[in-house]
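Open the model in your viewer and keep the sequence panel beside it.

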Amino acid sequence: MLKKVRRKVKAFVTKPFKKPKSRPSRPPSPPEPPPPPTPPLTPSPLHQQMSSSRQRNAPFLFPRSESSVLPDPSRFFSHDLLSTPLPTNSFFQNFTLQNGDQAEYFHPYIIKPSLSSLSFSYPTLSHNSAFIFEAFNADITVSASDGPDPHSRKTHLISSFSDLGVTLDFPSSNLRFFLVRGSPFITCSVSGNSSITISTIHAVLSFSANSSSTKYTAKLNNNQTWLIYASSPVHLTQTGGSLINCGGGFSGILRFAVLPDSSPDFESILDRFSCCYPISGDADFTKPFTLEYNWEKRGYGDLLMLAHPLHLKLLSSDDCSISVLENFRYRSLDGDLVGVIGYSWVLRPDPVSVTWHSIKGVREDRHEEIISALVKDVNALDSSAPVTNSSYFYAKLIARAARLALIAEEVCYLDVIPAIRKYLKNMIEPWLDGTFEPNGFLYDPTWGGVITKQGSRDSGADFGFGIYNDHHYHLGYFLYAIAVLAKIDPLWGKRYRPQAYALMADFMTLGKKKKKKGGSFDSNSVYPRLRCFDLFKLHSWAGGLTEFADGRNQESTSEAVNAYYSAALLGLAYGDTHLVAAASTVLTLEIHAAKMWWQVKEGDTIYPADFTAENRVVGVLWSTKRDSGLWFAPKEWKECRLGIQLLPILPVSEILFSNVKFVKQLVNWTLPALAREGVGEGWKGFVYALESIYNKDGAMEKVRGLNGHDDGNSLTNLLWWIHSRSGDDDDDDDDEGGYGGHGGGGKYCSFGHYCN
C-alpha cells in the first residue's frame, strides 16, 4: 500500500532524493463526490467542469480560470519557456512584471534592466532604528554603443532560469548576461562583434589597462574600484568623465567586479578566479535534510562564489570539496558574504521530526482543564453559520477546528472527534468539489497554479491570492485541516487525495523543467518548482506577481513554517515518506532562516547596532530592506509584530522559538505595548503563549483572564500549549539557529539519537 501512495505523489512532487528513471505515474481519477445535503436535480456546471478537467493519468486540476488580472508572461519569457509553469515569487520576479525595469538583489549586486542595457550597483546601507535599506545607484551600466537595433525586440528576454540564476538577453544590443546569485562577478556575453559602452553615474577618476588589454581598472569618485576582465583583448577607452567606449567590435566574455577592499590580496583573488564563470545553478534535495548546490560553469580554473551567513552555518565541508576564504568578504544587508571556492556545495540543516502532537506531551493531571475548554470550543462549531468567503480567514477557521481534534487525541478525550470530523467535512468539501458558491479554487494555466474565483477577477481579493500573493499561507492552513481530517477519517482522505495533493503541489512541487531536443523546455508538472521558497536565501517569499522597488518580501515566518509543516503532516496522513522528508527539509531551512534574519537577538551583529537595539523581530523582510513596521500595523504595535511571527500555535512552534534566552528578550520587549488602549485580546494571547516558555504559572493566569482569542486560535489551544511546556527556566536551551545540534542527536529529531 505504501508503494502505491508513493507512486501517486510523484505526479506532483518529483521523487526528491534521486532522479526518476522514467516519467512518474499519475493519480487515478477520483470517485464521484457525495451529493450535497439538498441535492439539485442536475449537477452544477462547476462540478461538471471539475469532473471533465481531469484526463486519464493526469494530475487533478481544479476548473480552468480565465483570469482578468494576471500579467502576460510572454512579454519577457522566451517562447520555449511559456509551455512550462513559470515562477511567481522568484528572485528575478521584477524582471517579468510591468516594464521589467525594477531592480532585484543578486548578492552582492543589485541589478536593474532597461530597454537595451543592464545597470548594477554595489549598494551602501542606510539605516536607523526603524529600517535598514540598500539603495540602488547605477554604479556601472553596460549597453550597445550604437544604441538598440530598431528592428529587434525592445525589451530584455529571459531565455533560461535555474534555482540560482537567470539568463537575460538583450537582442537589440547583442548582449547576454548570466546573472548567478552569489557571484562576485557580473558576467556578460557579447556577440556579433559589437561595440559596447560602459557608463556610470559617478566620475571616473582613473582608467587603466594591463599589457594584454584583458583587464581594466576603473576608479570612481564614490571610492569604488571596478575591475573589468575580458576573455580576449578588447580596446576600452575613457571618452568622458563617466563614459568608457569600446574601440572597434568585440565578441566574447566580459566580467565586472567591484573591489570590496583596497588590499592587494583581494584583487589578486579576483584575478585568479576571473576566468571561470557560472551560467546557472541547481539546488537539489539529494537526501533528507541535505541540500546540494551545483553550478554549471564555463571557462577554466576554479569557481569562486560568495556564501551568506546561513550558508556558512550549514556548509558541510566533509561532503564536498570546498575552501572558505574567511577574509574575502563583501558587505550585504543579510550579513557579510564570504568567498567559497568550489562549484558544488552541500548544506546540512538540523533534522526535525514532524509530529502531530506536542513534543514533550501533557501531564495527565493537566488534562481536565484542557478537556473542559475543548468541550466548549467543539460545541461552538457550527458549519451552518454564516462564514467568511475569504480564502485566508476561511482556512484559518478550519485549521483552528482541526487543532481541536489533535488536542482531543493528546488528552485522550475522543468523544468530541465525531463532531469535529463532521464540521471539517462540511467546511472543507465545498472548496474541494467546487460547491462553495462565493469562492473556490481554480487552475490558472498561464503561470501554472491554483487561484481563487474571487482572485481571478480582483487582484486585491483574498489578499492577492489571484496574483500568487501569500499562497503558502492560505494553502498551508487548508492543508493542515485536510491532513487532520484524512488522519481521523482515512476513507475521506482517500476520496479527496487528488484535490489535497493539488493544493500541496501548488507550492511544494520539486520537479524541474527539462530541456528537449531542439532547445525547448518541457516539464512533467503543472506547477512551478517550490513556488514560494528561495533556494539561495533558504526561506520563502510571499509577494507574488506584484512589482516592488524593494524586491521580494515576507512578513510572517511562522505561517511559512506552518505551510511546510502541514505538507509534511499530509505526507504522514497518507503514508507518503517522500513528501514527509521533502517538506521536513524545507521546513527546517525556513526555521533556520527565521532565526537568523527575523529574530533579532540583543547584541547581534548581523544588523546595524541602532536597528538591533530597538527591535527584537523584523516586521517585513524585503530583498533590499528590513522594515520594523507591518503591512497592517505600525512598528509601535509590538504585540502584532510578535504575534505574526508565532501564529498559528502548533507543536512545531516549539522549534521555531526554542531559544529561551531570545524568547525572554522578545516578551520583555513586547509587554509594555500591551498597556496601549485598544490592544486586541487575540494578540495578547500570543504574547502570553511565549511567556509561558519560561514563566508557565504567570502566563497561565493571564491566559485564563482573556476575553477572546485570534480567529485561528482558541482557549483550548492556549491551554494545551502552556500545559505542554516544561516550565524550566533554561537560558542555555538552544543557541541561535540550532535546535539540538547538527550531525544527529538533535532533541527535535527522534531518530537523531541513533545516528551517532
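In the residue classes used here, Ala, Val, Leu, Ile, Met, Phe, Trp, Tyr, Cys and Pro count as nonpolar, Asp, Glu, Lys and Arg as charged, and the others, Gly among them, as polar. This is a predicted model, in which local features need pLDDT of at least 70 and side-chain atom pairs count only at pLDDT 80 or more, while totals for chains, interfaces and linings use all residues. Residues are numbered from 1 along each chain as its sequence is written, and side-chain values use heavy atoms, with hydrogens and water left out.

Stop one: select F91, E104, Y105, H107, R181, D334, D534, K537, W541, R552 and S623, which line the largest cavity. A cavity is a set of points on a 1 Å grid over the protein atoms alone where a 1.4 Å probe fits but cannot get out, and lining residues have an atom within 4 Å of a point. By class, this lining has three nonpolar, two polar and six charged residues.

Stop two: select residues 367-379, helix α5. Buried residues (under 20% relative accessible area, 1.4 Å probe, protein chains only) in α5 are H367, I370, I371, A373, L374, D377 and V378. Their cover includes α6 (391-410), α7 (417-433) and α20 (715-723).

Stop three: select R725, in the segment after α20. Is R725 buried or exposed? R725 counts as buried because its relative accessibility is 6%. Leaving aside neighbours within four places in sequence, R725 is in contact (heavy atoms within 4.5 Å) with E654, S692, I693 and K696.

Key: 1 Å grid on protein atoms, 1.4 Å probe; cavity = no way out; pocket = protein on both sides within 12 Å on 5 of 7 lines; lining within 4 Å. Helix = DSSP H or I, 4+ residues; strand = E, 2+ residues; numbered from the N terminus. Expected span 1.5 Å × (residues − 1). Buried < 20%, exposed > 50% of the residue type's maximum accessible area, 1.4 Å probe, protein only.
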